[in-house]
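Open the model in your viewer and keep the sequence panel beside it. The stops below say what to select and what is there.

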Amino acid sequence: TQSLRGLPNTGLLHWRGDRADFFAFRGATQGLLGLAAPIPDSEMVAMSQFVLQLLYPPNPNQFLDRTFRDAPAGQPSAERGRVFFVGTPVDGGQPCAFCHSLPTGTNRQLIDRFALQSPQDVKVPHLRNLYQKTGFTDAAGVVNKRGAGFIHDGSTDNLFDFLHFPGFNFASGAAGDAQRRDLEAYLLAFDTGMAPAVGAQVTFDGGANDAGRVARMDTLTQRAAAGDCDLVAHGRVAQVARGWTFTGGLWHPDVSGEATLTSAELRALAGPNREITMLGVPVGSGTRMGIDRDRDGHSDGDERLAGSDPGDPASTPASVGVDLGLTGTGLRAALPNPFRGSTRFEFQLTRPWRAELAVYDVLGREVRVLTRGDWPAGRHALTWDGRREDGSRARAGLYFVRLRTPAGAWTRGVVKLD
């Protein structure tokens, strides 16, 4: 009842229901902060705009598809608890869900103090963070290292004991305790409003035993299609960081002009030292977390190809220009890019070093070694004529040139036209 997360659409605030909205807590800031007067209205408004966007994380006790664990009779079952919660009269002829309405777990009303056997009215609390309170016990001599008590004053250390409140009408004896255990399991798996698919991930490395991982990926794509999450993927292709976002059943790359991929085609890019990881992210964040990190409208892969910074919205392919202004060891972008015929790579060394400059295709296969030897300090240039090591012409498409020196490695992308 006093969490700062998930406040909108939950009715009056505070366990007593004595605050109409977040702004009504302004008066308390004076005493809590030791100020001569409450904080200014402008600061309270700014803080409310921040706080009202805070959300709960996913409940780890739910399955990825938002269903609940079941179990044989005699063992706690969150699914049986859910059925009991929504359909079994347990308080005044009504089920739990009558007061603890879905999806938040509160109907936003106050319960009369006489019904609660309490000195004052209490707001019907939401149920979205109960799983975070476990681990506390009030047994004599116990040292608690985690958890918190339940109900408004923390006086009950677990939900099973709370469900023995005399106002509740469970079955008698062992049958009633079995109902309480089922209901406790459900309450500890209560949906927080953030789907369990958010934060879930699966990594492919080209291994042979991928059946379980493929099934997990299929579940994530299904949850993305259902609107539970956005889905992104990250990995390395030819030693270059790449990203994709899942939209309309296909994976969209971070390089303009590249084809979209099916899930099977994306998995096929994975292998040893070029793993691909899929990740569920909050709805609305897929583009930012998958293919356009700085949200400047230029995809991350396009920015790397142009030599601009994918993490800086002020750095775009249009603003970078042709000269990267190298001041240390490094590799410039290909000039021209895209190219027909040939393109030139400039690199700079701050001291005499052994350097390797090689071209790779999108699968990381070596296409052409332009140099592998000792070079003096300074700026140098090498030309690639678009041919493979055996002299045959390389196909049109995306390639990567990589400079390796004792100081590190640098990679740039280049597009070869027909």
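## Cysteines

Start by selecting C99, which counts as partly exposed because its relative accessibility is 21%, and the cut-off for buried is under 20%. Keep in mind that this is a predicted model. Is C99 in a disulfide or in no disulfide? A search of the whole structure finds zero disulfides. C99 is accordingly in none, and the nearest cysteine sulfur, that of C96, lies 9.0 Å away. A disulfide is a covalent bond between the sulfur atoms of two cysteines. Next select C229: this residue is buried, with a relative accessible area of 2%.

## Helix α8

Select residues 211–225, which make up helix α8. How far apart are the end C-alpha atoms of α8? They are 21 Å apart, in agreement with the 21 Å that its 15 residues should span at 1.5 Å a residue.

Now colour M217, L220, T221, R223 and A224, the buried residues of α8. Looking down the axis of α8, you will find these buried residues within an arc of 160°, so they line one face of the helix. Turn to the other side of α8 to find A211, G212, Q222 and A225, which are exposed.

## An open sheet

Move on to β8, β9 and β12. In that order, these three strands form an open sheet with antiparallel pairing. The edge strands are β8 (330–331) and β12, each of which pairs on one side only. Strands of a sheet pair through backbone hydrogen bonds, either parallel or antiparallel.

Select β8 together with strand β9 (residues 343–349): the two run antiparallel and are joined by two bridges. For one of the residues involved, pick G330, whose bridge partner in β9 is Q348.

## A381

The last stop is A381, located in strand β12 (residues 378–384). A381 is partly exposed, with a relative accessible area of 36%. Which residues does A381 contact, leaving aside its neighbours within four places in sequence? They are R344, F345 and E346. Finally, draw a distance from A381 to G207: their C-alpha atoms are 40 Å apart in space, and the two residues are 174 residues apart in sequence.

Notes
Residues are numbered from 1 along each chain as its sequence is written. This is a predicted model: local features need pLDDT of at least 70, side-chain atom pairs count only at pLDDT 80 or more; totals for chains, interfaces and linings use all residues. Side-chain values use heavy atoms; hydrogens and water are left out. Helices (H or I, at least four residues) and strands (E, at least two) are DSSP runs, numbered from the N terminus. Buried means under 20% relative accessible area, exposed over 50%, partly exposed in between (1.4 Å probe, protein chains only). Contact means heavy atoms within 4.5 Å. The expected span of a helix is 1.5 Å times one less than its number of residues. The arc is that of the directions from the helix axis to the C-beta atoms. Two strands pair if DSSP finds at least two bridges between them. A disulfide is a pair of cysteine sulfur atoms within 2.5 Å.
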